[in-house]
Amino acid sequence: MEPLNDRELDQLLRQWQAPAAPRTLGAPFGHNASWWQWLWSAKLQVPVPVGFAVLVAGAGLWAYMGSQPTPQIQPKANVPARPRISPVESSTPAAPAAAWNPAPKNEQGPRPEQRSVSPGEVPSLAGFQPVNQVKTRIVVQR
Amino acid sequence: MTRVTNSELKAAFEEHKDAVYRFAWRMTGSPAVAEDIAQEVFLSLVRQPQRFDPVRGTMRSFLLAIARNLSLKRWRDEHPWEELGEEDYSCDPIDPVRIELGEVVGKAVQSLPPLQREVLILYEYEEFTLDQIARLVAAEIGTVKSRLHRARENLKRALAHLGNRETVNKSRSTNHGTIK
């Protein structure tokens, strides 16, 4: 087939008309569009490796968080306020209960520090600890 | 280098938006892509207006140079294994059946390698001189001439079957008919 000559080619090239710019092509000047319009039309190009890495990291973080035991929130101990006990005025004060600290006779080792309670002082159980070792003794009644 | 005012930016947009869009449309063959490219061209003008130097060329040349770079970037992204300028490229004849004449010509032009295509579009459609094109595409004027020559020769072969049909073509393009 014979190729076209220059004149024929020029005539054919004129047949290809391009359209004018569409109306949707807005001038990127001024602030015609509000921020939310921009937000809806904005595009974010992310390279595939970066997007993949972000996805993997997100999935890994999610899996890690899922594997952790849920911390149990312990309710704050609601310790009732200790009632104020007003000292009873009496001529013969009763011996306070905390002062009674019978230790077994055969107990070895250092004895816990005994705190003397002066008469009239309100006894407190703060710092009370159970004994470390209990030695039981069976007494057979005859 | 001069400072471009906001009113000048608006004037440049109104004056050159059609040329920029046309060029991008002819280079890419896609209205959506052409619109994206045109938008990016004017955005880059807004962001860095100081890059325009009237000493080096007109505003139209400057804008079309940006559009050209963006078009070539898109082409490279879509054809990572193809070369921009294939010197030995030869157009295959295009089957004109049921295609409008303008569309046939468009398909032939768009099948050219990008470096030949851009020179042909700038010369034939945007009516740039060879010297202006050489500056726009940052090439020697001899290179531009050579690319234009190869582009035209390719098109002559690709559109050979449309020869001697001027009268028919004119009536068909007027009636928006198709070539059978």
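This is a predicted model: local features need pLDDT of at least 70, side-chain atom pairs count only at pLDDT 80 or more; totals for chains, interfaces and linings use all residues.
A residue counts as buried here if 20 or more other C-beta atoms lie within 10 Å of its own, exposed if 12 or fewer and partly exposed in between, with C-beta atoms placed from the backbone. Residues are numbered from 1 along each chain as its sequence is written, with chains lettered from A and ligands numbered from 1 in the order in which they are written.

View 1. Look for A:W16 in the loop between α1 and α2 (35-41) of chain A; helices are DSSP runs of H or I, at least four residues long, numbered from the N terminus. A:W16 is buried, because 22 other C-beta atoms lie within 10 Å. Leaving out neighbours within four places in sequence, its contacts (C-beta atoms, placed from the backbone, within 7 Å) are B:G102, B:V105, B:G106 and B:V109.

**View 2. Where chain A meets chain B.** Chain A puts 22 residues into the contact and chain B 34. On the chain A side, that's 16 nonpolar, 4 polar and 2 charged; Ala, Val, Leu, Ile, Met, Phe, Trp, Tyr, Cys and Pro are taken as nonpolar, Asp, Glu, Lys and Arg as charged, and the others, Gly among them, as polar. The predictor's scores for the complex are an ipTM of 0.74 and a pTM of 0.57.

**View 3. The largest nonpolar core.** This core, a set of buried Ala, Val, Leu, Ile, Met, Phe, Trp, Tyr and Cys residues joined through C-beta atoms within 7 Å, has 50 residues. Helices giving at least two residues each include α1 (6-13) of chain A and α7 (141-158) of chain B, while α1(B) gives the largest share, 8 residues. Domain 1 (6-78) and domain 2 (101-175) of chain B both contribute, so the core lies between them; the bounds come from an automatic or database domain assignment.

**View 4. Around B:A24.** B:A24 is among the residues with the most contacts inside the core, along with B:V41 and B:A67. Residues up to four places away aside, B:A24 touches B:A34, B:I37, B:A38, B:A67 and B:S71.

View 5. Over residues 170-180 of chain B, pLDDT stays under 50, and the model has 15 contacts beyond four places in sequence for them. Chain B as a whole averages 83, with 79% of the residues scoring at least 70.

Methods
Two residues are in contact if their C-beta atoms, placed from the backbone, lie within 7 Å. pLDDT is the predictor's confidence in each residue, from 0 to 100.
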